[in-house]
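Hi,

Here is the structure I promised to pass on. Have a look at it first, and then read on for what turned up.

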Amino acid sequence: MNHFLRTLFFALVVRPIMMVVLGTNVRRREWLPTTGPALIVANHNSHLDVFALMNILGLSRLRHVRPVAAADYFLTRPLRRWFSTRIVGILAIDRTNTKRDSDGKHPLEPISEVLRAGGIVLLFPEGTRGEPEKLEAFQSGVAHLAKRHPEVPITPVFMHGLGKALPKGEALLVPFFCDVFVGEKLNSELPKKEFMNQLCESFTKLSQELPVQTW
């Protein structure tokens, strides 16, 4: 990654968009990890989700943040690949690979390597962008990561508004306020089923903090 270009892009482009054009309200920002290794799991409605989270974490932590993204989408075109890997710093994962490769490497090993190096990984357990402001079923990869790294704190983050500001399939940004709710750290030592129930309950609880619309 080019850390200088990355910092410049987030300082001059992302921050003004997220703070001025859209507006961002973060509840319990102090619960976000200040250092790695750490895993942040968030819902996914828009390409803006990654930029919003990275902007909230701040410029000083950018070099340590790696968003998990689909290799079959972000690595297919040269310009998109360059921007995604060099500027955003994605951690590209093959979504079709669910088994160990010929060398015995686990499909989640790239994430594990970043965590072992003290990085902050951003993970979207829905696996893909869903319908605007609608939670989809969570995939179990995060439970496997919890089992592999029980010492790594896992922080849930629920975001609302970005799915309307830039929904899937749209290219035009619509000014829409973004609410971000940071939840309590998850218990990584729970069995897989209980961990996934805990994850779902956490997001349900966070989503209920949204103010009720009266109009």
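Which residue follows α4, and is its phi positive or negative? It is G89, with a positive phi near 80°. Before going further, please keep in mind that this is a predicted model.

**Helix α4**

Staying with α4, which spans residues 78-88, its buried residues are S84, I87 and V88. Looking down the helix axis, you'll find these buried residues within an arc of 110°, so they line one face of α4. The cover over them includes α1 (3-22), α2 (48-57), β3 (65-70) and α3 (71-74).

**The cores**

The largest nonpolar core has 34 residues, and M54, V157, M159 and L162 are the ones that touch the most other members. The elements giving two or more residues to this core are α1, β2 (38-42), α2, β3, β5 (120-123), β6 (154-160), α7 (162-165) and β7 (178-182). Of these, α2 gives the largest share, with 8 residues.

**Aromatic rings**

There are 7 aromatic pairs in the model. One of them is F9 with F83, an edge-to-face pair at 5.3 Å centre to centre and 85° between the planes. This pair links distant parts of the chain, as F9 is in helix α1 and F83 is in helix α4, 74 residues apart. F83 itself is partly exposed, at a relative accessible area of 28%.

F10 and F51 make a further pair: the ring centres are 6.0 Å apart and the planes sit at 45°, so this one counts as tilted. Here too distant parts of the chain are linked, with F10 in helix α1 and F51 in helix α2, 41 residues apart. F10 and F51 are both buried. Through ring pairs, F9, F10, F51 and F83 are linked into a cluster.

Two arginines also sit over rings. The charged end of R28 is over the ring of W31, 5.2 Å from its centre, and R80 lies over the face of Y73, 4.0 Å from the ring centre.

**Salt bridges**

The count of salt bridges is 4. E209 pairs with R27, where the closest N and O atoms are 3.8 Å apart. Since E209 lies in the segment after α8 (192-207) and R27 in strand β1 (residues 24-27), the pair ties together parts that are 182 residues apart in sequence. E209 also forms a salt bridge with R28, at 2.8 Å from N to O. R28 is in the loop between β1 and β2, 181 residues from E209. Together, R27, R28 and E209 are linked in a network of salt bridges. Their relative accessibility comes to 23% for E209, 31% for R27 and 22% for R28, and each of them counts as partly exposed.

Elsewhere, R148 forms a salt bridge with E109, with the closest N and O atoms 2.6 Å apart. R148 is partly exposed at 29%, whereas E109 is buried at 14%.

Cheers

How values were computed:
Residues numbered from 1 in each chain as written. Predicted model: local features only at pLDDT ≥ 70, side-chain atom pairs only at ≥ 80, totals over all residues. Heavy atoms only, no water. Buried < 20%, exposed > 50% of the residue type's maximum accessible area, 1.4 Å probe, protein only. Helix = DSSP H or I, 4+ residues; strand = E, 2+ residues; numbered from the N terminus. Arc of directions from axis to C-beta. Contact = heavy atoms within 4.5 Å. Core = buried A, V, L, I, M, F, W, Y, C linked by side-chain atoms within 4.5 Å. Phe/Tyr/Trp six-rings, centres within 6.5 Å; stacked < 30°, edge-to-face > 60°. Lys NZ or Arg CZ within 6 Å of the ring centre and 35° of its normal. Salt bridge = Lys/Arg side-chain N within 4 Å of Asp/Glu carboxyl O.
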